[in-house]
Amino acid sequence: MTSPKSNISWLDAWNDPVAGIRSRSNCLCTADITGDGEVELLVTDSANRLRVYRNTSLLSEVTLLNKPSAVTTVYPDDRTPRIPLVAVSCGPVIYLYKKLRPYLKVE
């Protein structure tokens, strides 16, 4: 009889000790932030960084001013292609990024 661990091989994709990311589930989000139809993974970590991954490649990294508590995307309009703003909560402030550039700070 095989052990239950051997049947869960797909979880190994989430374990990469070289990546150096320490994050929580509310600091993960997926969205098409470039408008090209490809979905990217957005990760904020305890080192105050917003990282954007496509497949297994790092597309972009943005340094945050404070420790993040959550990340999500917001669609400000109905224009096509639908490109969302990235909202990062850092304490009592929400930072909005448009095309991964600082766009708006909401206090």
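**Close-up views of a predicted all-strand chain**

View 1. A disulfide is taken here as a pair of cysteine sulfur atoms within 2.5 Å, and a search of the whole structure finds zero of them. Cys 27 is buried, with a relative accessible area of 2%, and Cys 90 is buried at 1%. Buried means under 20% relative accessible area, exposed over 50% and partly exposed in between, with a 1.4 Å probe and protein chains only. This is a predicted model: local features need pLDDT of at least 70, side-chain atom pairs count only at pLDDT 80 or more, and totals for chains, interfaces and linings use all residues. Residues are numbered from 1 along each chain as its sequence is written, and side-chain values use heavy atoms, with hydrogens and water left out.

**View 2. The whole chain.** The protein chain has zero helices and eight strands, in the sequence pattern β-β-β-β-β-β-β-β. Helices (H or I, at least four residues) and strands (E, at least two) are DSSP runs numbered from the N terminus. Of the 107 residues, 31% count as buried. The chain exposes about 7,500 Å², of which carbon and sulfur atoms supply 53%; accessible areas come from the Shrake-Rupley method with a 1.4 Å probe, and for residues only the protein chains shown count as cover. Among contacts with a separation of 6 or more, 29% join residues 24 or more positions apart, a contact being heavy atoms within 4.5 Å.

**View 3. The open sheet β1-β2-β3-β4.** Four strands make up this open sheet in the order β1-β2-β3-β4, with antiparallel pairing. β1 and β4 (57–63) are the edge strands, each with a single partner, so one side of each has no neighbour in the sheet. The twist from one strand to the next averages 20 degrees; axes are lines fitted to C-alpha atoms, for helices over the stretch in contact, and angles run from 0 to 180 degrees between N-to-C directions. Strands pair if DSSP finds at least two bridges between them. Strand β2 (residues 40–44) is antiparallel to β3 over four bridges, with Thr 44 and Leu 50 as bridge partners. Six bridges join β3 to β4, also in the antiparallel sense, and Arg 51 stands opposite Glu 61. The β2–β3 hairpin has four residues between its strands, and Asn 48 takes a positive phi near 60 degrees. The β3–β4 hairpin has two residues between its strands, and Asn 55 takes a positive phi near 55 degrees.

**View 4. Strand β3 and Arg 49.** Six of the six residues of β3 are buried. Arg 49, Arg 51 and Tyr 53 point one way, and Leu 50, Val 52 and Arg 54 point the other way. Arg 49 lies in this strand and counts as buried at 18% relative accessibility. Not counting residues up to four places away in sequence, Arg 49 touches Gly 20, Val 43, Thr 44, Glu 61, Val 62 and Leu 64. Arg 49 and Pro 68 are 19 residues apart in sequence, and their C-alpha atoms are 8.3 Å apart.

**View 5. The open sheet β5-β6-β7-β8.** This open sheet of four strands has the order β5-β6-β7-β8 and antiparallel pairing. β5 and β8 (101–106) are the edge strands, each pairing on one side only. Neighbouring strands are turned by 25 degrees against each other on average, direction ignored. Five bridges join β5 to β6 (residues 85–90), where Val 71 stands opposite Val 88. Five bridges also join β6 to β7 (residues 93–98), and Ala 87 stands opposite Leu 96.

**View 6. The largest nonpolar core.** The largest nonpolar core has 16 residues, and those with the most contacts inside it are Ile 33, Leu 42, Leu 50, Val 86, Val 88 and Tyr 97. β1 (28–31), β3 (49–54), β6 and β7 each supply at least two residues of this core. Such a core is a set of buried Ala, Val, Leu, Ile, Met, Phe, Trp, Tyr and Cys residues joined through side-chain atoms within 4.5 Å. Leaving aside neighbours within four places in sequence, the contacts of Val 88 include Thr 44, Leu 50, Leu 64, Pro 68, Val 71 and Tyr 97.
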